[in-house]
Structure formats: structure tokens, C-alpha cells
Amino acid sequence: MATQDTPTDGVSFAEPEEWRLIRTSLDEFVEREVEPLEEELGETWSNPRLRHDADGRWVDEAIEAVETVRQKSAEAGFYAMNIAEEYGGEGVSNVTWYRAKRHVASHGTGLVSHVLAGPEGPKPLLANAEGEQVERYLEPVVRGERSTGFGQTEPGAGSDSPNMQTRAERDGDEWVLNGTKQWITNAPYADFLQVFARTTPQEEAGRYGGITCFLVERDEYEVGSLNNAVGSVGMQSEVHFDDVRLGEERVLGTVDGAFYEAMGFLSLGRMELGAEAVGHADHLLDLGTEYANSREAFGRSIGTFQGISHKLADGRATVDAADALGLRLAWKMDAGEQAIRDASSFKYVATNAYFDVADDVVQVHGGNGLSEDNPFMDHLQLARLLRIVEGTDEIQLNTVAKQMGVE
Ligand SMILES: Cc1cc2nc3c(=O)[nH]c(=O)nc-3n(C[C@H](O)[C@H](O)[C@H](O)COP(=O)(O)OP(=O)(O)OC[C@H]3O[C@@H](n4cnc5c(N)ncnc54)[C@H](O)[C@@H]3O)c2cc1C
């Protein structure tokens, strides 16, 4: 006779008490620490076009506001709560981290986006830190005191990143690093970068072997032109390394093994980004529903027109489906699975759902949807961008096809 599964053995979407407490304290934190700062900054914050100078570099008060939010969030125990307790995090599960990322994103795209660690924060690769690296790099990033970035993409190698041209060669006890990266998030403001370089030729080490990750301090690399992506102006830049000499203590993880080590964490990055997409889409669906019920045309609320109500209902259905995929992915990761196919499916579905919702919610708002005073076009740009970063749509589908055995 079949026995009844307990919720933990079987399928459960129940929200445990621990998560409900975190959610309440996150909301209190946003209200107490983030919203007043946004109000103080006024238009500098609310209008992304005023956040940067003519070249795209963020103005000092915007950078300071981000640093303040990051550090206060770390002090309150939120910022890097998924990192192990031994390094100063809270060691929460992937399911809780997923829910936290989704929930914070459902507040919108403002300063609140900096409450939880993103690309500037501690990624599991940094948790490979050993010896003095822990004190100098990992722990200060977990505390929100230092920020970092992840340097992989190059002018000639994006999706095909193992073809990178950046090289590090041994010279006595040191490594000498040369090359150029581009699109590196937080590079203009970071205290140090984690830089991928080829250390053994592909012919010897294979496509994914022969790549090493180096910790490179801010005064050792040159920030080149900003790569101003629409929707993320000022956040990414080129980085140049010109005969940078690094001791063995700057190797993060194993020599020649960085690509394999990073691949082990791909699912987490995709889960985080998809969770943000789901949260932002939730936020937009709330705003769209409110507007559809209050805006009148032809003597009735526009929500009574099926052309409007179906846009919102279609968005709700696809975002709910994405959310279920995201929770399943996080649950599998907590069970110790790499969940490569689930991670690609989720990232693809969630970011496309967000993009479709953002487009539809612009439409629901009519002319107001296009207004610079409203956040809708900013969401549409961000949603478009999320379909490129952390593996493009096509790369996610390639991964799903490969995992399915489609050759
Ligand atoms: C806002 C932003 C932030 C970023 N942050 C970082 C960062 O912090 N660190 C970092 O290292 N990089 C970062 N990147 C770079 C990002 O990871 C790359 O842009 C992305 O991987 C795509 O590479 P690419 O731009 O070179 O495009 P390409 O790889 O040249 O691709 C161009 C097109 O060809 C398609 N394509 C390529 N190969 C295949 C294939 N095998 N099958 C089917 N289609 C294919 C792609 O899907 C895409 O549509 C960032 C980019 C942006 C825009």
C-alpha cells in the first residue's frame, strides 16, 4: 500500500516559519534603511539617467548609497546570507536564497537591488579562498566592506569563453598576466577582480582545462572604456592587464582548474538571475493590475477589455510556471544535484517571462508606459539584458538540448 509522503519527502510549496521571519525582517530593513536613502537622493536615484556622468560613470553619491546599503545589509545578516557561517554568512539553503532574491526583486529595481549580493559580492568560487585569501578577500566581501567582479568575457570570446586570449605565464615565483576583458560588472568600482586567464595551451590541457583564476587588486589593473549597456549604464567596463606580476598567493582555487570549478557554480548564478526576473515580473504584474482596474476608457476600466486582462493573465500564468521551476531547481541544488538542465530551463523561461511581462505592462499603461517618470521601460531594458548575461537564450537552449541527448 502506498504511504503518504511527508511534505519534505514529497512536493511542498509551504513557506516555513524561518522564511516568513526573514521576509518580514527584509521588508522592515527596506523600509527603514533603503527607502529613506532613495528619498534623500531624490531624482539622482529615481531617474537612472541622472545616476551617471556623461561617460557613464556613476556619480559619487550613487556609489556611496550602494556601499551604504550593502554594508548595512551585511550588518543585518542579509547581504551574503547564503555563504557558510564560518566565513560570516548565515548558511541559508538555496530555497531560502531563491525566495529572498525573488522577494527583494519584487520591490522593484531601485537601490533595493543592492540589498542582496550580486556579481560584486561573494560567489562560491571565492569560497575556494585559502589561507590569507580568506581574510583579505572572502571575509571583507561577505561583510560588504570590499567588492569584487568576475572577469571572464573578452572582446573575442563571450559565449565561447574557453577561447580567451588573456594569458598568465610563470616567471620564477611569479605569474605575469596580460590581456583584456570586457563587460565586467562592477570593474570600475571594485576593490579587486577574479580574473580568468589561460595558463596552459588548449592543445595540451583541452578546451576547458588550462585556465586559472587570479585575484587582481584595483591598483594592478587598468579600467578601460565603460561598456554602457542600455539598462545598465556605468556598471560594466573593459579591463586591461599589462605585465601584471602576481605571486602564487593570488591563485584562487587550483592552477589550470578554474573553468571546471566555475562550471560547478553555473546553476547558482542562473538560479539567482532567474529569481530576480520572477520577482521583478511579480512587481510589474501588481502595478499592471492596479492600473488596469483604475484607468478608464470608453466609460469602463480598461481591465474589463479582454485585450488587457489577457495580457496580465498570460503574464501571471507564465511567471507562476517559472517560479515553480525556480523552486524545484533550488530544491534539487539543496539535495546536492548540479541540476544543469533545470538551471538552464529556469533561466531561459524566467527571463523570457519577465521580458514578455515587461513589454505587456508597457502596453497596458499606454503612453504612461513609455514615460521616463515611470519604471516600465527600464524594466523592459533590464529584462532584455537578462536574456544575454549568464549565458544567452541560445546557450541555455543548447545546454537543455545537450542534457536531453539531442545531438
Ligand atoms: C550587462 C552585462 C553584464 C555582464 N557582466 C559580465 C561579467 O561580470 N563578467 C563577464 O565575464 N562577462 C560579463 N558579461 C558578458 C556576457 O557574459 C556576454 O555578453 C555573454 O556571455 C555573451 O557573449 P558575447 O556578448 O560575446 O556574445 P557572443 O558569444 O558573440 O554571441 C552572439 C550571439 O551568437 C549566439 N551564439 C554564440 N554561440 C552560439 C552557439 N554555440 N549556438 C547558438 N548561438 C550562439 C549568442 O547566443 C548571441 O545571440 C556581461 C554582459 C552584459 C551585457
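Q: What distance separates the centres of domain 1 and domain 3, taken over C-alpha atoms?
A: The centres of domain 1 and domain 3 are 20 Å apart over C-alpha atoms. The chain is divided into domain 1 (17–117), domain 2 (150–261) and domain 3 (265–404), with bounds that come from an automatic or database domain assignment. The contact between domain 1 and domain 3 takes 15 residues from domain 1 and 20 residues from domain 3; two residues are in contact if their C-beta atoms, placed from the backbone, lie within 7 Å.

This is a predicted model, in which local features need pLDDT of at least 70, side-chain atom pairs count only at pLDDT 80 or more, and totals for chains, interfaces and linings use all residues. Residues are numbered from 1 along each chain as its sequence is written.

Q: What makes up the side of domain 1 that touches domain 3?
A: That side divides into five nonpolar, eight polar and two charged residues. Here Ala, Val, Leu, Ile, Met, Phe, Trp, Tyr, Cys and Pro count as nonpolar, Asp, Glu, Lys and Arg as charged, and the others, Gly among them, as polar.

Q: Why is Lys 311 called buried?
A: A residue is buried if 20 or more other C-beta atoms, placed from the backbone, lie within 10 Å of its own, exposed if 12 or fewer, and partly exposed in between. Lys 311 has 21 C-beta neighbours inside 10 Å, so Lys 311 counts as buried. Leaving aside neighbours within four places in sequence, Lys 311 is in contact with Asp 360, Gln 363 and Val 364.

Q: Why is the ligand said to lie between domain 2 and domain 3?
A: Both domains give residues to the shell around the ligand, so the ligand lies between them. A residue is near a molecule or strand if its C-beta atom, placed from the backbone, lies within 6 Å of it. Of the 22 residues around the ligand, Gln 152, Thr 153, Gly 158, Ser 159 and Thr 392 come nearest. Strand S1 (150–151), strand S3 (174–185) and helix H13 (393–404) each supply at least two residues of the shell.

Notes. Helix = DSSP H or I, 4+ residues; strand = E, 2+ residues; numbered from the N terminus.
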